[in-house]
Amino acid sequence: MTARPLVGVICCRRPLGVPMAQTVIERYLQSLIRYAEVDAVLIPAMPGYQSPRAVLARLDGVYLTGSPSNMAPERYGQHIADAPGPFDPERDETAMELIQGAVDLAKPLFAICRGFQEVNVAFGGSLRRDMSEEDRALRHHAPADVDYAAMFDHGHEVTLAHGGALARATGQSVIQVNSAHYQGIDQLGSHLAIEATSPDGVVEAVRADNTRAPMLAVQWHPEWAADTDENSQAYFRLLGQAMRGEAI
């Protein structure tokens with residue numbers, strides 16, 4: 001029997017009451033394991049204790065999840081005293097090392113939401129923090145007073161790049177996605193090709209065009225409704241193909 005690919009999933013460092021904990025929201029793992037048909041192992045955001053790159057060297061690829069935390073603006077060259085958090089510097093550091101390791105070691109890397117933003121920053125891009133403001137023509141986050149499930153009911157269309165991996169996987173040029181992000185791409189990182197854009201021109205998905213293994217990241221949350229949404233399942237099937245060394 002052929003072994004299933006083993007994919008590393010980044011953790012967040014978050015308080016669990018008083019003590020700190022390494023956490024991953026279960027739905028990220030459920031969708032990954034079920035629809036990508038891979039096995040998963042957690043990579044703690046503890047860069048001072050172990051080398052993320054050394055862990056990645058023993059895996060078939062890596063998966064960067066979303067998170068309630070924001071990237072520290074210093075990571076993309078901005079020094080803002082009152083920048084909105086919460087922040088997770090250990091995750092920032094771990095993600096940067098994993099992305100660079102994936103490039104150097106030719107390991108596939110897939111990312112969602114915060115992970116999408118981490119990819120852009122790792123490739124020299126920057127982020128903006130106004131995606132949920134009321135005066136935007138298209139708000140990218142639901143109003144603050146809605147409940148958790150309703151937050152993911154908020155969404156919009158995205159246009160998929162002609163000939164891109166997402167367009168080929170879904171067989172569509174426009175798909176509906178959820179939208180639950182306060183930050184988004186400002187300056188696009190070097191060597192990142194656009195895979196999807198929203199109606200207001202915001203970049204919603206990217207791939208790296210100078211890596212030896214696929215690197216594909218989306219701003220939306222395909223893990224949220226993967227059991228009922230075929231386009232979300234297509235994202236995870238792409239991930240599984242890449243982790244098995246198949247072309248996407």
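A residue counts as partly exposed when its relative accessible area lies between the buried limit, under 20%, and the exposed limit, over 50%. By that rule Trp224, at 28% relative accessibility, is partly exposed. Tyr148 is also partly exposed, with a relative accessible area of 44%. The model examined here is predicted.

Tyr148 and Trp224 form an aromatic pair. The pair is edge-to-face, with 5.8 Å centre to centre and 75 degrees between the planes. Tyr148 lies in helix H5, and Trp224 lies in the loop between E13 and H7, so the pair ties together parts that are 76 residues apart in sequence.

The structure holds 6 aromatic pairs. Another of them joins Tyr63 and Phe236. This pair is edge-to-face as well, at 6.3 Å centre to centre and 75 degrees between the planes. Tyr63 sits in strand E5 and Phe236 in helix H7, 173 residues apart. Both Tyr63 and Phe236 are buried. Ring pairs also link Tyr63, Phe110, Tyr235 and Phe236 into a cluster.

In soluble globular proteins, nonpolar side chains tend to be buried together. The largest nonpolar core of this model has 33 residues. Leu32, Tyr63, Leu166, Trp220 and Phe236 touch the most other members. At least two residues each come from E1, H1, E6, strand E8 (155-160), H6, E9, strand E13 (215-218) and H7. H7 gives the largest share, 6 residues. Apart from this core lies another, of 28 residues, with Leu56, Leu59, Leu64 and Leu98 among them.

Trp220 has contacts with several parts of the chain. Leaving out residues up to four places away in sequence, Trp220 touches Ile112, Cys113, Val158, Leu166, Ile175, Val177, Asn178, Ala196, Glu204 and Ala205.

Helix H1 also contributes buried residues. These are Arg27, Tyr28, Leu29, Ser31, Leu32, Tyr35 and Ala36. They pack against strand E1 (6-10), strand E4 (39-43), strand E5 (61-64), strand E6 (109-112), H5 and H7. After H1 comes Glu37, whose phi is positive, near 60 degrees.

Rolling a probe the size of a water molecule over the atoms shows where empty space is left. The largest pocket has a volume of about 450 Å³. Its lining consists of 28 residues. Ser67, Pro68, His141, Ala180 and Tyr182 lie nearest the centre of this pocket. Helix H1 (26-36), helix H4 (114-122) and helix H5 (148-151) are the elements that give two or more residues to the lining. By class, the lining of the largest pocket divides into 11 nonpolar, 11 polar and 6 charged residues.

The second largest pocket holds about 180 Å³ of space. It is lined by 16 residues, and Gln176, Val177, Asn178, Asp229 and Ser232 are the closest to its centre. Two or more lining residues come from each of helix H6 (165-170), strand E9 (174-178) and helix H7 (230-243). E9 supplies the largest share, 4 residues. The lining of the second largest pocket has 8 nonpolar, 7 polar and 1 charged residues. Val177 and Asn178, placed by the centre of this pocket, are also touched by Trp220.

Technical notes. Residues are numbered from 1 along each chain as its sequence is written. This is a predicted model: local features need pLDDT of at least 70, side-chain atom pairs count only at pLDDT 80 or more; totals for chains, interfaces and linings use all residues. Side-chain values use heavy atoms; hydrogens and water are left out. On a 1 Å grid over the protein atoms alone, a cavity is a set of points where a 1.4 Å probe fits but cannot get out, and a pocket is an open set with protein on both sides within 12 Å along at least five of seven lines; lining residues have an atom within 4 Å of a point. Grid points are joined across faces, edges and corners, and a volume is the space filled by probe spheres set on the points. Ala, Val, Leu, Ile, Met, Phe, Trp, Tyr, Cys and Pro count as nonpolar, Asp, Glu, Lys and Arg as charged, and the others, Gly among them, as polar. Buried means under 20% relative accessible area, exposed over 50%, partly exposed in between (1.4 Å probe, protein chains only). Contact means heavy atoms within 4.5 Å. A nonpolar core is a set of buried Ala, Val, Leu, Ile, Met, Phe, Trp, Tyr and Cys residues joined through side-chain atoms within 4.5 Å. Rings of Phe, Tyr and Trp (its six-membered ring) pair if their centres lie within 6.5 Å; planes under 30 degrees apart count as stacked, over 60 as edge-to-face and the rest as tilted.
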